[in-house]
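I am keeping these entries as I go through the structure, one topic at a time.

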Amino acid sequence: MQGGLEDTICAIGTPAGEGGIGIVRLSGPHALVIASQVVRLRSGDPLSSVSSHTLHLADLVIPSPNKREEEARVVHKRPPVSGLLDEALVVYMKAPRSFTAEDVVEIQSHGGALVLGMVCKVCIESGARMAEPGEFTKRAFLNGRLDLSQAEAVLDTIRATSSAGLNIAQRQLRGDLAREVEQARTSLLTVLAHVEAGIDFVGEDISFLQRDELVRIVREACAVVQKLEATAQEGRILREGAHVVILGRPNVGKSSLLNRLLREERAIVTAIPGTTRDVIEESIDLDGVMIHLVDTAGVRETDDIVEQEGIKRTRAAQDEADLLLVVVDGSVPLTSDDWELLSAVKDRKYVVLLNKVDLADTVETVAALAGHPVYVISAKTGLGVEMVKSALRSQLVSAGFEAAESVTVTNVRHRDALRRAGESLGQALESVQCGMAGELVSIDVRAAADALGEITGAITTDEILGRIFSEFCIGK
């Protein structure tokens, strides 16, 4: 990011488009001075006189160009006005009692793009600069208002698409993950201090951490890391949603199933095999878990170039799926294509949906599919579809997982840091048990502590910060 904490930044904090209310945010050492150029309190008082965290009715104005630069440095003066923009509510939040822990002014006007854009223009001409993506949240991190995991939880809250994902984001924003990680890291730093002291005073008759105590602490840290890492797969699903791919040979009812699950006619359905030529993706919310359903082209041998491309895309979607729904036609005997597909998915998480039970007795087919997780349905009539929805959720998220009191890891960056921490702790434990030199033990303990520190930002780099905050919108 360009500039530093000595700059005052501004940005529109509400989504683009028309709205009842629009917000322009200013943050930095000169927020009050700059806001005074565009804000005229209806009370007649200067903006500098207001108490922190109180709302005030104001007019938004365009100051005269020839006076703006001269008087922008003086809070209590009121530059001449050349135009009226809007009326607004204005709040001043004195540092450190603000989101960024800096002086912040929020201007809440009507939500028109022209008004908000002109307010930002006046602020920039008066000495602010436009904020970069995520810069408000980055300042909150740099000023100690949030740790890095909490800063990421801000974005997760904004992007949440399900109640379960939102709940996890809020718990992380309140510091649940950071507390557990920092507790484990602190214990490792204590171990590290004792081990390194033992190295420094190896010739002295001084007793440091005993071997059994060292093993105990490292094992406890290992257990915390493994517990957190074990939540990562289901945590990712709760955060991002799950990709569920519907597979099957042509004309078994895949598109009909998609339409039934969505409760709308999203995919074209005909009696002609090969009607679906491309991948169709839609989403549904199953009790707080977002499911991204993917309808695919029927899998079979074909000379049709277009259909071949559709099958190629089916294979790609299959490889990326969290769960596969293999649809077979229960009104006819299983074909070689059916068996080939079942063989291809045997090492994946999948369920078999025996469709078209409204057309024929499926007892023999069910018997033939013994050993496979099978649900008997009719996409046409809806028979068994609600049971399939329950099965989807239970296959993807363990019962009661999102309601558990334990901390959940949802971020790929956190998962990678935990993996590295676990590997280093395993090596440290092996070194201690084998009686290796303290120098070797300290290297692995330090690596584990640093990996955990990356989660909260205690250990970080400009590259990591740039990658994280570049995903934010400009006003956040």
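Which residues does Leu452 touch, not counting residues up to four places away in sequence? I looked this up in what is a predicted model, and I found that Leu452 touches Val181, Ala184, Arg185, Leu188, Val225, Leu418 and Ala421.

Entry on the largest nonpolar core. I next asked where Leu452 belongs, and found it among the 32 residues of the largest nonpolar core, where Leu188, Leu425 and Leu452 touch the most other members. I then looked up which helices build this core, and noted that helix H7 (176–200), helix H8 (211–230), H15 and helix H16 (438–456) each supply at least two of its residues. The largest share comes from H8, with eight residues. I also recorded a second, separate core of 30 residues, which includes Ile237, Ile246, Ile280 and Val388.

Entry on the second largest pocket. I looked up its volume, which is about 350 Å³. Of the 15 residues that line this pocket, I noted Asp156, Arg159, Arg239, Asn411 and Glu471 as the closest to its centre. I then sorted the lining by element, and found that helix H5 (148–159), helix H9 (232–240), helix H15 (412–433) and helix H17 (462–469) are the elements that give two or more residues to it. The most comes from H5, which gives four residues to the lining. By class, I wrote down eight charged, five nonpolar and two polar residues for the lining of the second largest pocket.

Entry on Ser431. Is Ser431 buried or exposed? I count Ser431 as buried, because its relative accessible area is 7% and the cut-off for buried is under 20%. Leaving aside its neighbours within four places in sequence, I listed Met436, Val441 and Asp444 as the residues in contact with Ser431.

Entry on Glu135. I placed this residue in helix H4, which covers residues 135–142. Why does Glu135 count as buried? I noted a relative accessibility of 4% for Glu135, so it counts as buried. I also looked up how Glu135 lies relative to Ser27, and found that the two are 108 residues apart in sequence, while their C-alpha atoms are 9.9 Å apart in space.

Methods
Residues numbered from 1 in each chain as written. Predicted model: local features only at pLDDT ≥ 70, side-chain atom pairs only at ≥ 80, totals over all residues. Heavy atoms only, no water. Buried < 20%, exposed > 50% of the residue type's maximum accessible area, 1.4 Å probe, protein only. 1 Å grid on protein atoms, 1.4 Å probe; cavity = no way out; pocket = protein on both sides within 12 Å on 5 of 7 lines; lining within 4 Å. Points joined across faces, edges and corners; volume = space filled by probe spheres on them. Nonpolar A, V, L, I, M, F, W, Y, C, P; charged D, E, K, R; others polar. Core = buried A, V, L, I, M, F, W, Y, C linked by side-chain atoms within 4.5 Å. Contact = heavy atoms within 4.5 Å.
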